[in-house]
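Trainee: I would like to learn how to read an interface between two chains. Could we work through one together?

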There are 2 protein chains.
Amino acid sequence: MRKRKSLTEFKKGVLAGDRVVLSQAITLVESNLETDSKLAGDLVQELLPYAGNSIRVGITGVPGVGKSTFIESFGKMLVDKGKKVAVLAVDPSSQKTKGSILGDKTRMEKLASDKRAFIRPSPSGSTLGGVSSKTREAMLICEAAGFDVILVETVGVGQSEIAVKGMVDFFLLLMLSGAGDELQGIKKGIMEMADGMLINKADGDNLQPAKKAKATYQNALHLFPLGENNWSPKVLIGSSISGMGLPECWQMIEDFQSKMLGNGFWEKNRAEQRLKWLDDSIQALLGRAFYMHPAIQKKLNEGKKQVLEGDLNPMNLARELTSHFLKK
Amino acid sequence: MRKRKSLTEFKKGVLAGDRVVLSQAITLVESNLETDSKLAGDLVQELLPYAGNSIRVGITGVPGVGKSTFIESFGKMLVDKGKKVAVLAVDPSSQKTKGSILGDKTRMEKLASDKRAFIRPSPSGSTLGGVSSKTREAMLICEAAGFDVILVETVGVGQSEIAVKGMVDFFLLLMLSGAGDELQGIKKGIMEMADGMLINKADGDNLQPAKKAKATYQNALHLFPLGENNWSPKVLIGSSISGMGLPECWQMIEDFQSKMLGNGFWEKNRAEQRLKWLDDSIQALLGRAFYMHPAIQKKLNEGKKQVLEGDLNPMNLARELTSHFLKK
């Protein structure tokens with residue numbers, strides 16, 4: 001077994017931007033071992049003063065929308081602009097769907113081989129609450145390592161979007177033209193969460209339909225309520241092949257940042273996200289202790305059947321089990 | 001002090017449709033006393049075999065959209081059709097906004113005086129989790145008392161909608177024509193939750209704008225993804241003064257029910273709602289025990305400041321506090 005690095009070694013390596021140490025630090029926060037989580041927490045705590053100086057962008061869309069190719073082209077454009085770009089993934093469904101979200105690094109060859117970029121595939125085998133908390137910590141570590149754009153990829157299946165929306169500054173939804181069938185994979189509610197949409201694959205025969213879809217969505221979005229940040233979501237078209245629309249997409253994100261910094265919502269949003277992260281973590285840890293408790297599990301499985309059948313008042317079962325758990 | 005009824009007395013009275021006992025039973029489930037909650041839970045448990053036979057309709061919209069007047073006219077139409085109608089309210093914001101959601105019964109005079117209707121104002125002074133659980137239990141009690149339509153009113157402020165969406169069969173959003181400023185009160189995400197929309201106050205000079213708004217929204221909604229129940233949300237116009245649109249609104253709800261019964265989603269949705277209710281209740285009870293703990297409160301308040309400032313890793317604070325709490 002390889003000797004584990006000390007807190008100081010981790011901290012020094014990350015702050016120096018050492019890729020190997022950065023990778024090991026993220027592996028550390030992703031670990032499910034109790035001993036690792038203590039060190040991981042301490043490391044993140046030590047790195048906090050150096051974190052926060054990035055634009056955090058969540059990117060989602062249904063499978064097939066071209067997320068990986070988009071991120072590769074978009075990330076390449078950003079590093080060519082002198083940005084340091086980290087790509088992380090939140091993928092709660094990887095177990096079930098065997099989706100290839102960032103799973104195949106070779107799909108991002110150009111970006112992965114660039115020294116100014118860092119690509120981290122999705123942590124697997126964890127619950128969403130865990131993944132989301134781990135992704136937040138990984139994000140802070142990347143920031144401390146000097147990355148100034150963090151792209152967080154997720155799939156358009158609902159739960160992961162809500163988690164990612166709660167940890168990024170800007171939420172981008174990739175779509176395809178020919179609104180209809182392609183959208184069925186996106187869950188209700190995701191579209192209203194987007195700060196910006198980009199109709200992807202707007203090249204060749206797709207260009208005209210994409211332009212039309214852009215106008216249609218832009219009109220539709222005007223009908224929907226603004227968020228409290230008063231930002232009106234934009235719709236763009238783009239192509240990862242021709243590169244068309246990518247500079248405009250970055251411009252949109254910078255405009256957003258500049259507006260939010262101006263109206264105070266940038267820091268307000270981040271402070272709220274930190275509090276939400278705290279509450280979510282507390283609830284997740286309490287829930288984990290409860291649901292992992294063997295005696296509770298047994299009683300819960302029996303009771304759940306009756307609840308599903310409609311034979312047992314859920315509130316009664318909840319009261320009984322929680323008071324049993326808390327007395328232990 | 002009035003002698004409290006026994007479980008048997010409550011059960012008999014509710015099943016006989018006795019209004020006084022019904023009111024007392026709901027007061028019982030709304031009580032925050034530990035002793036009451038045991039009896040309340042037992043009562044709901046006893047009544048479960050008689051519950052479930054209603055259409056549960058959530059109704060929301062921003063203040064000023066005319067919810068109370070709509071519910072009065074809509075409810076009156078339903079009782080005239082021979083339905084027994086109960087109206088409940090979920091209003092987490094009553095403390096803050098002093099909104100008058102069902103607070104003033106006299107605003108529903110006609111319906112309130114009808115023997116086939118039952119109107120219950122919002123329980124006050126409770127947290128949302130509590131209110132939502134209590135509203136669910138109140139709903140089951142009303143069903144056991146023979147009501148076959150339950151209208152659950154809520155305000156368009158976000159959190160309460162999500163709670164109500166999780167306890168009803170059909171979610172109706174009331175809107176005003178002249179999309180724009182009126183919508184600012186509605187939170188993002190609410191529109192995508194609606195199974196149907198009704199542009200209210202479509203009378204007099206408002207009729208033409210309402211018709212136009214209906215077409216615009218219907219077009220916009222076509223762009224948005226369907227839910228897993230495969231229902232395509234409808235947009236109607238209506239007037240509580242002329243009664244126009246109210247029969248169509250009921251027809252829409254009946255069409256929805258018939259389609260959902262056909263595709264199996266009616267019972268599937270209710271079973272999922274019961275499981276969600278169980279999980280929500282467990283999380284709420286665990287959370288309450290945690291957040292009400294004096295030693296935790298003190299540590300949490302100190303830590304929260306540091307988290308808000310960005311000086312403390314939220315995950316560290318969560319780990320420390322939950323392990324402290326669970327060791328006690």
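Trainee: How many salt bridges does the rule find across the interface of chain B and chain A?

Mentor: Keep in mind that this is a predicted model. Between chain B and chain A, the rule finds zero salt bridges. Polar contacts are another matter: 19 residue pairs, both at pLDDT 80 or more, are in polar contact between these chains.

Trainee: Which elements give two or more residues to the side of chain B that touches chain A?

Mentor: They are α3 (34-47), α7 (128-144), α9 (190-193), α10 (207-223), α12 (265-291), α13 (294-309) and α14 (314-327) of chain B. The largest share, 16 residues, belongs to α12(B). Sorted by class, this side of chain B has 35 nonpolar, 15 polar and twelve charged residues.

Trainee: What is the area buried between chain B and chain A?

Mentor: About 5900 Å² is buried, with carbon and sulfur atoms giving 66% of that area. B:Lys188, B:Glu192 and B:Leu223 supply 12% of what chain B buries against chain A, more than any other three residues. In terms of contact, 62 residues of chain B meet 62 residues of chain A.

Trainee: How many disulfides does the structure hold over all chains?

Mentor: A disulfide is a covalent bond between the sulfur atoms of two cysteines. Over all chains, the structure holds zero disulfides.

Trainee: Is A:Cys142 buried or exposed?

Mentor: Buried means under 20% relative accessible area. A:Cys142 has a relative accessible area of 0%, so A:Cys142 is buried. B:Cys142 also counts as buried because its relative accessibility is 0%.

Conventions. Residues are numbered from 1 along each chain as its sequence is written. Chains are lettered from A and ligands numbered from 1 in the order in which they are written. This is a predicted model: local features need pLDDT of at least 70, side-chain atom pairs count only at pLDDT 80 or more; totals for chains, interfaces and linings use all residues. Side-chain values use heavy atoms; hydrogens and water are left out. Contact means heavy atoms within 4.5 Å. Buried area is the accessible area (1.4 Å probe) that two parts lose on being put together, summed over both. A salt bridge is a side-chain nitrogen of Lys or Arg within 4 Å of a carboxyl oxygen of Asp or Glu. A polar contact is a pair of N or O atoms within 3.5 Å; within protein, one must be able to donate a hydrogen and the other to accept it, and residues adjacent in sequence count only if both atoms are side-chain atoms. Helices (H or I, at least four residues) and strands (E, at least two) are DSSP runs, numbered from the N terminus. Ala, Val, Leu, Ile, Met, Phe, Trp, Tyr, Cys and Pro count as nonpolar, Asp, Glu, Lys and Arg as charged, and the others, Gly among them, as polar. A disulfide is a pair of cysteine sulfur atoms within 2.5 Å. Buried means under 20% relative accessible area, exposed over 50%, partly exposed in between (1.4 Å probe, protein chains only).
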